[in-house]
Amino acid sequence: MGLSRRRKILVTLATLIGTFLAALDSTVVGTAMPTVIGDLGGLNLYPWVFASYLLAATVTGPIFGRLSDAHGRKPVYLVGVALFLAGSALCGTAGSMGTLILYRTIQGLGAGAVQPVAVTIVGDIFELEVRARIQGLFGAVWGISAVVGPAAGGLITDYLSWRWVFLVNVPFGLVAGFLLALALRENFERRPSRADYPGVFLLTGGLLAVLLAVLGVGGPAADLALFAGGACALTLFVFAEARAPDPIVPLELFRERLFAVASAGNAALGGVLLGVSVYVPLYVQGALGGTALTAGAVVAPLSIGWPVGSFAGGKMLLRTGYRTTLLLGSFFVVAGSAACLSLDAATPLAYVILAVFVIGLGMGFSSTSYLVSVQNAVPWRRRGIATSSIVFFRTIGGALGVAVMGAILNLSLGERYRTAVERAAGGDGTLARLLSDPNALLQPALRARIPEETYGELAAALAASLSPAFWVVVALAVAALAVSVLFPAGRAEDFVKRESLP
């Protein structure tokens with residue numbers, strides 16, 4: 001895809017803006033939700049404001065990736081931006097919690113197209129030598145969104161309105177769509193494809209059921225039934241795809257060792273990434289009594305180390321190959337994760353910052369190498385689904401990993417935390433229910449309602465209970481290292497698929 005340097009810069013800027021908005025909306029809403037609940041009610045529906053967005057974005061990623069292969073990146077990306085902006089505008093007008101959840105689902109559908117297709121577009125327009133360094137910017141976008149999101153949500157809610165948390169997306173999204181429509185030129189022959197309706201139904205239903213079970217939407221029996229039903233649907237999906245003339249997810253991709261290893265490795269890295277992004281801020285702000293600014297500053301090195309690792313890894317993989325680069329990156333991820341095991345109430349912030357930076361550095365080497373290797377190893381007509389599948393596995397790994405960490409954390413908190421919650425709530429049932437989730441300690445509006453003498457008890461209980469969650473992070477990091485060993489050896493050029501267009 002021959003584009004001028006100016007057009008490439010504009011396209012990259014457009015995709016970065018779109019990706020940033022989609023990533024930001026998974027974190028920015030949290031600090032606005034207490035105010036939203038006070039305005040709209042519906043406390044019992046609180047988790048669904050987040051789950052609806054995550055589920056929609058996750059289950060539709062591979063579908064939009066396949067569509068981009070059949071109909072082009074540009075129309076699919078623009079449809080994703082339109083859906084995301086429509087959902088954002090509607091969220092800003094929501095009159096009840098039920099309608100807000102519906103509109104968040106529309107937002108998530110748009111994010112399911114924007115995120116993987118943006119990465120695919122960059123893979124199309126840049127050569128191997130540049131691709132790794134540019135992809136590092138997308139890693140930085142995710143890290144920055146995790147830092148900026150909570151603070152931005154609080155500021156916008158306090159000084160404007162919670163509705164502007166959603167409405168502010170509209171002007172930036174319009175700019176992203178306009179830039180891409182103006183600058184991106186695609187030259188390929190659209191091929192007719194047969195819709196894989198059974199595959200879409202089984203994949204969407206299976207993933208939806210499994211993720212709902214992991215999120216714990218019902219009692220133990222209901223969650224077990226959901227998990228079993230989802231597993232059955234996904235098993236049927238594999239059989240259906242093997243017989244489909246134009247499958248939504250070509251199973252032959254997984255027969256390639258490179259793609260299978262990259263999928264497994266990204267799932268493990270996704271768990272590390274979200275585990276650090278969620279539980280390090282919780283440790284700093286909840287256990288150490290830091291501010292939202294402090295928590296953000298501690299996670300910020302993740303978004304600094306990632307592009308540094310990507311830029312260095314992009315040069316390294318051309319000289320030594322993907323496998324050596326992946327091993328080095330995985331080693332950094334393990335080292336940084338292991339450093340988190342010693343975190344306690346007396347740990348200096350500088351130590352935490354260094355540990356997070358090392359993890360970000362390792363993510364830059366590893367995650368970007370996986371993505372670039374897959375994009376280079378498949379022809380153009382498969383690059384969309386291959387890229388979206390890698391992003392999909394990282395998202396699924398992160399969602400499942402954080403859910404497991406959350407379950408372990410809730411178990412380890414035990415009666416001590418529940419007693420502290422009752423004392424902190426002082427008979428306020430609404431506050432008690434919100435504080436039952438320790439992530440509520442990250443929300444300034446809720447922390448302000450907790451008596452100072454009981455907050456210390458909450459913080460102490462939380463600090464003592466976070467260690468098992470960090471052990472899960474270490475286990476996932478070790479798994480990522482073990483998977484990277486299985487990556488085929490050879491030079492980067494040995495894995496390049498020379499076919500560029502269908």
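**Ground rules.** I number residues from 1 along each chain as its sequence is written. As the model is predicted, local features need pLDDT of at least 70 and side-chain atom pairs count only at pLDDT 80 or more, while totals for chains, interfaces and linings use all residues, and side-chain values use heavy atoms, with hydrogens and water left out.

**Entry: α1 and α8.** I looked up how helix α1 (residues 5-24) packs on helix α8 (residues 169-183), and found an angle of about 150° with the axes 8 Å apart. Helices here are DSSP runs of H or I with at least four residues, numbered from the N terminus. Axes are lines fitted to C-alpha atoms over the stretch in contact, and angles run from 0 to 180 degrees between N-to-C directions. The pair is therefore roughly antiparallel (angles over 145 degrees).

I then checked who touches whom, with contact meaning heavy atoms within 4.5 Å. From α1 I noted R7, L10 and L21 among them, and from α8 the set includes N169, F172 and A183. The contact residues divide into 13 nonpolar, four polar and one charged (Ala, Val, Leu, Ile, Met, Phe, Trp, Tyr, Cys and Pro count as nonpolar, Asp, Glu, Lys and Arg as charged, and the others, Gly among them, as polar).

**Entry: α10.** I looked up the buried residues of α10 and got D223, G230, A233, F237 and E241; buried means under 20% relative accessible area with a 1.4 Å probe, protein chains only.

**Entry: A463.** I found A463 in helix α18 (residues 452-465). Its C-alpha atom is separated by 8.6 Å from that of L343, 120 residues apart along the chain.

How values were computed: Helices (H or I, at least four residues) and strands (E, at least two) are DSSP runs, numbered from the N terminus. Angles under 35 degrees count as roughly parallel, over 145 as roughly antiparallel, 65 to 115 as roughly perpendicular and the rest as oblique. Buried means under 20% relative accessible area, exposed over 50%, partly exposed in between (1.4 Å probe, protein chains only).
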